[in-house]
Amino acid sequence: MSMQSDSANTSANTLPGRWQPAVTQDPMLHKHGALGQPVSRIDGPLKVQGKAQFAAEFPYEGLCYAALAFSTVARGRITALDTAAAEAAPGVVLVMTHRNAPRMKAPSLMMSSPTAAGASDLPVMQDDEIHWNGQPIAVVLAETLEQADHAASLVRADYAPLPAVTSFDEAKKTPRQLDNILGQPPVVEIGDAEAALKAAAVQVDQIYRTPRHNHNAIELHAATVAWTGDELRVHDANQLLDLTAGQLADIFGLEPDKVRVSSPFVGGGFGGKCLWDHQILACAAAKLAGRPVRIMLSREGVFRIVGGRTLTEQRVALGAGTDGRLDALIHTGIVAMTTHNSCPEQFTFPARHLYAAKSIRLAQEVADMDMLANTFMRAPGESVGTFALECAIDELAEKLSLDPIELRRRIEPETDPTSGKPFSSRHLIDAYDKGAARFGWDRRNPKPRQRRDGEWLIGMGCATATYPYHRFPGGAARIRLTAGGQVTVSTAVHDMGMGTATAQAQHIAARLGVPIGNVTFEYGDTTLPRGVIAGGSTQTASIGGAVIAAAEVFVEELLKLAGNDSPLAGLSLAEVETRDGGIGHREDASRFESYESILRRSGRDELVCEAEAPPPAEMEAFSMHSYGAQFCEVRVSEITGEVRVSRFLGSFDAGRILNAKTATSQFKGGIIMGIGLALTEEANFDPRSGRIVNASLADYHVPVQMDVPAIEILYTDIPDPQAPMGARGIGEIGITGVGAAVANAVYNATGKRIRDLPITLDKLM
Amino acid sequence: MNPFTYERASDTSAAIELAKGNAAARYLGGGTNLVDLMRETVERPEMLVDVTGLPRGIEPRADGGLLIGAAATNTALAADGHVRAHYPLLARAILAGASAQIRNMATVGGNILQRTRCRYFYDTAAACNKRQPGAGCDARDGFNRYHAILGASPACVATHPSDMCVALAALDATVHLDGPAGPRSIALSDLHRLPGDRPDIETELKAGELITAVELPPLLFARRSTYRKVRDRASYAFALVSVAAALDIDDSGVVRDVRLALGGVAHKPWRASAAEAALKGRPAGPESFRAAAEAELAAATGLRDNAFKIELAKRTIVAVLGELTGDDA
Ligand SMILES: Cc1cc2nc3c(=O)[nH]c(=O)nc-3n(C[C@H](O)[C@H](O)[C@H](O)COP(=O)(O)OP(=O)(O)OC[C@H]3O[C@@H](n4cnc5c(N)ncnc54)[C@H](O)[C@@H]3O)c2cc1C
Ligand code: SF4
């Protein structure tokens with residue numbers, strides 16, 4: 001195993017032994033040890049014992065409880081706000097409205113600056129204007145949660161309505177084109193796709209629709225906040241700690257180091273546990289009351305003030321030759337958004353990278369509505385984009401009388417179809433082949449309605465899963481080694497239940513050559529070195545980049561300390577590796593000194609070093625994506641149209657798998673959410689009022705146990721040579737492709753194409 | 001939630017005494033519906049009288065029937081050996097409802113008197129004649145997938161959500177009441193009302209009246225009975241349509257007797273009398289089942305989101321009767 005590639009040696013500005021993204025490979029790439037092992041979650045025992053403290057569980061002297069009152073109109077001005085009854089209710093400390101709220105700067109939109117975390121850039125409770133149905137109009141603080149809830153129900157408001165756009169059909173008449181979709185061009189055109197479509201031997205041209213979805217993590221959004229002078233302490237349920245701290249500092253006009261946000265445990269994030277009004281309002285109310293405040297949203301509150309996935313209307317048109325090769329690939333459409341956020345649900349992203357086509361047209365627009373800002377939700381864009389694209393591919397395969405896997409084999413691209421970049425690592429067809437063999441795909445009859453068990457029609461479907469690799473810059477990690485050989489690695493990142501802390505402990509043990517029992521991974525607190533956000537399946541790779549950098553400094557520092565009396569004397573970073581609790585020459589086993597020995601000889605109790613990850617140059621040089629093949633078997637009642645998923649298998653190509661157990665859970669969780677996307681989930685947004693009608697878990701249907709069959713997970717486990725540890729991130733890919741795999745299976749069972757999610761029974765009757 | 005006082009009644013007369021003359025008092029069973037509605041401030045009682053300490057026995061009667069204490073839990077009733085043997089449709093109906101945790105808390109009295117799941121009824125920001133007579137009905141032209149196709153009125157299109165009650169309706173259950181004016185009994189099918197122009201008045205119960213027990217008459221052929229619930233996910237969802245049925249077929253394959261009731265279709269558990277009449281004396285088979293279903297649903301009307309339930313109800317009736325005709329039933 002070579003520490004660096006030849007190109008690194010010849011590169012002028014290379015520091016020998018350093019990982020240079022896109023130029024050298026992470027030396028860990030082929031090293032195993034604790035990596036990949038199915039280590040059980042480190043936080044498991046704490047959680048099952050109830051000892052893991054969540055945001056709403058931090059005690060404070062003098063704590064008071066917050067409850068919100070929400071607007072009942074979509075757009076307007078508050079003309080009267082009667083808080084007298086609420087103020088007079090038992091236990092009430094104060095009622096905060098736009099009239100007495102502290103003056104605060106509006107949040108700035110996430111990604112608009114390095115500290116911006118706003119899901120919208122509307123000012124929070126600063127004036128009488130209502131922008132969505134459900135906007136907080138008052139915060140009640142009381143001695144108990146029950147008293148606060150009761151008093152909040154007594155707040156009365158009158159409104160002068162303003163014209164509101166609450167119908168998507170109305171909104172899409174005046175579409176708006178954004179100047180970019182998460183930094184990517186909103187329109188991609190290669191050749192004249194419309195003309196090529198018309199001329200193609202075989203055509204598919206369909207509209208697909210996906211509804212609104214709401215975030216429903218089991219832990220309700222909550223924060224416990226306390227001011228000490230101008231210092232703000234926030235215990236949050238959060239997946240972007242540093243941004244939240246920076247944004248709160250900005251909103252309240254504080255120095256950034258005056259705000260500390262921590263989030264040791266989070267009961268599910270999925271993109272929803274970001275900065276919404278409730279944390280800002282809790283901080284403001286705590287300031288007004290001069291007391292610590294706890295806010296925990298009701299389930300309805302989550303529907304009212306935490307955005308969800310927006311609805312999409314997508315056209316996919318495919319033109320192919322009789323051999324299946326694509327002459328034209330068109331994926332266009334529109335989503336609902338607001339003028340005060342920027343979350344365009346990038347549904348055209350999968351089509352940018354998946355299939356070879358002679359001409360391509362991809363374009364997406366937004367329709368502005370007066371509604372709560374929509375936001376990221378597990379695989380934003382890719383989850384719903386793959387529904388449309390992968391259903392269309394299935395439709396095309398049928399028209400071509402080709403097996404849908406064979407079709408994908410024929411349109412597998414050599415290089416990225418829109419950027420032309422080389423793929424860092426792509427084994428989609430491998431994933432299909434492995435999955436197909438294991439699932440028994442050869443038992444599928446390509447003709448619909450051929451298998452039945454009594455009233456139940458049985459069908460199989462498959463679809464491609466895909467999600468981009470990203471590594472965020474700016475994250476740092478600190479390594480602390482004690483004389484006793486204990487290693488602590490610290491960075492302000494997040495574990496919302498994914499297993500971050502466990503996988504990183506494995507990673508650090510492997511990287512530094514120490515037993516996993518000697519490793520502590522410190523995260524979830526903004527007092528730690530700056531971390532990256534937990535979003536877009538980026539965290540693992542981003543932490544990886546920072547830990548690599550810190551480990552390089554760590555080894556260099558130790559080599560310095562080892563000095564001339566060490567067997568390591570004279571060796572440089574490029575010549576050594578970490579192993580067996582110390583540093584050794586890469587080729588000469590006799591040249592080794594343990595960490596403990598180096599520290600002891602240099603009279604040190606500990607060594608602390610910190611470094612920032614190198615910029616993600618690999619993303620510029622390569623097309624980096626994870627892939628998967630989703631296989632589904634459904635049973636559909638011919639009488640009632642009820643659909644039951646009877647078998648599911650996901651076969652993934654997501655780079656190196658760091659922990660077989662937590663990774664499998666992540667994939668399964670994504671698939672389960674995908675079953676919800678396919679069959680049950682839909683937020684009912686009433687176009688008359690702009691209000692979500694089914695704002696409860698009884699009425700908003702996530703899949704329950706009986707909706708979920710045994711799910712099998714396979715993965716290629718092929719390290720991506722460009723990614724830290726070879727790992728590409730696995731949080732979101734599980735949900736992608738599931739909607740299409742289910743819909744394609746439903747078609748195979750019944751002969752009915754449902755292009756409008758969710759696939760409820762009335763559509764199949 | 002509004003502040004309230006809480007009293008636990010030791011027996012029926014104590015419960016009636018506690019609530020007497022107090023319009024703001026409510027009896028509390030397992031609380032799985034009432035407490036939810038209090039949290040939403042749809043219900044705002046000032047006093048709760050806990051009636052879970054009242055009789056909860058499940059006792060066979062000399063005539064072969066069954067007397068069920070109103071405080072019996074849903075779980076206990078579904079697990080009762082007599083129920084499972086003699087009234088399998090009732091056990092199945094209960095088990096098709098809610099979740100195990102909710103059924104452990106829920107009582108028979110509370111299940112009967114649970115209120116509609118119409119989301120506009122739950123949302124105090126919406127217009128709802130049931131919550132506020134005269135306010136209007138946001139469900140009529142709104143999200144009404146779960147709403148009525150039979151017996152609805154311009155004022156209200158809500159459904160009664162109980163599964164258990166559909167089986168009770170099919171079984172000709174009698175509800176025993178007690179109250180300030182003394183005990184009385186009423187047929188379950190007469191207890192709930194159609195909405196008419198007063199959807200806020202949901203039952204024939206008088207102020208302060210309490211359900212003390214439910215009585216099932218003997219029904220020998222109920223051994224051949226079942227319950228099928230069609231819903232939007234495999235469990236833990238209310239019925240779009242449900243069918244409770246018991247079928248008695250003579251040796252020549254002719255329907256001697258039949259009991260049929262529908263859930264998810266009306267403001268009350270819907271006894272399908274027209275279908276029953278159409279079936280009696282007819283050969284047990286798909287044609288007569290379909291004809292009976294057509295007869296029952298003849299008056300059905302669909303709303304924006306729920307018109308499919310008319311055909312769904314017909315198909316489910318045919319399927320359930322077909323299942324009961326099969327040898328394995
Ligand atoms: C998420 C969820 C899902 C559910 N799904 C289903 C389902 O699929 N199918 C289904 O059938 N049900 C379902 N339910 C409803 C459930 O069955 C009822 O909530 C339950 O049966 C009510 O019983 P309880 O004892 O808890 O009633 P409570 O909530 O205590 O009371 C309900 C009403 O009955 C009154 N009451 C109670 N006891 C008496 C008495 N003895 N005399 C007079 N009045 C009385 C109360 O005053 C109140 O008005 C669901 C409930 C929830 C929360
Ligand atoms: S259907 Fe009935 S309960 Fe629902 S909103 Fe209309 S009046 Fe209210």
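Mentor: Contact here means heavy atoms within 4.5 Å. With that cut-off, and bearing in mind that this is a predicted model, 34 residues of chain B are in contact with 36 residues of chain A. Together the two chains bury about 2800 Å², of which 56% lies on carbon and sulfur atoms. On the side of chain B, B:Arg119, B:Phe143 and B:Arg233 supply 25% of the area buried against chain A, which is more than any other three residues provide.

The charged pairs deserve a separate look. Between chain B and chain A the count is 6 salt bridges, whereas a search of the whole structure, over all chains, finds 78. One of the pairs across the two chains involves B:Arg119, which forms a salt bridge with A:Asp699, and the closest N and O atoms are 2.9 Å apart. Since B:Arg119 lies in helix H8 (residues 119-122) of chain B, while A:Asp699 lies in the loop between strand S28 (691-692) and strand S29 (711-715) of chain A, the pair joins two chains. Buried means under 20% relative accessible area; B:Arg119, at 10% relative accessibility, therefore counts as buried. A further salt bridge is formed by the side chains of B:Asp123 and A:Arg304, with an N to O distance of 3.8 Å.

Moving into chain B itself, the side chains of B:Lys229 and B:Asp163 meet in a salt bridge of 2.8 Å, N to O. B:Lys229 belongs to strand S9 (residues 225-230) and B:Asp163 to the loop between H8 and helix H9 (164-170), both of chain B, so this pair ties together parts that are 66 residues apart in sequence. Both B:Lys229 and B:Asp163 are buried.

Another pair in chain B is B:Glu294 with B:Lys314, a salt bridge whose closest N and O atoms are 2.9 Å apart. Because B:Glu294 lies in helix H12 (residues 286-297) and B:Lys314 in helix H13 (residues 308-325) of chain B, the pair ties together parts that are 20 residues apart in sequence. In chain A, salt bridges that share partners join A:Arg75, A:Arg77, A:Asp128, A:Glu129 and A:Asp370 into one network.

UniProt, in an unreviewed entry, places the feature "domain: FAD-binding PCMH-type" at residues 1-221 of chain B. That span is 28% helix and 16% strand, and its end C-alpha atoms lie 47 Å apart. Helix H5 (residues 88-95) of chain B is mostly covered, with 6 of its 8 residues buried; these buried residues are B:Pro88, B:Leu89, B:Leu90, B:Ala91, B:Ala93 and B:Ile94.

Finally, there is ligand 2, which is surrounded by 14 residues, the closest being B:Cys118, B:Cys128, B:Cys137, B:Cys156 and B:Val157. Sorted by class, the shell around ligand 2 has 11 nonpolar, 2 polar and 1 charged residues.

How values were computed. Residues numbered from 1 in each chain as written. Chains lettered and ligands numbered in written order. Predicted model: local features only at pLDDT ≥ 70, side-chain atom pairs only at ≥ 80, totals over all residues. Heavy atoms only, no water. Salt bridge = Lys/Arg side-chain N within 4 Å of Asp/Glu carboxyl O. Helix = DSSP H or I, 4+ residues; strand = E, 2+ residues; numbered from the N terminus. Buried < 20%, exposed > 50% of the residue type's maximum accessible area, 1.4 Å probe, protein only. Near = heavy atom within 4 Å. Nonpolar A, V, L, I, M, F, W, Y, C, P; charged D, E, K, R; others polar. UniProt positions renumbered as here; feature names shortened; annotations may be inferred. Buried area = accessible area lost by both parts, 1.4 Å probe.
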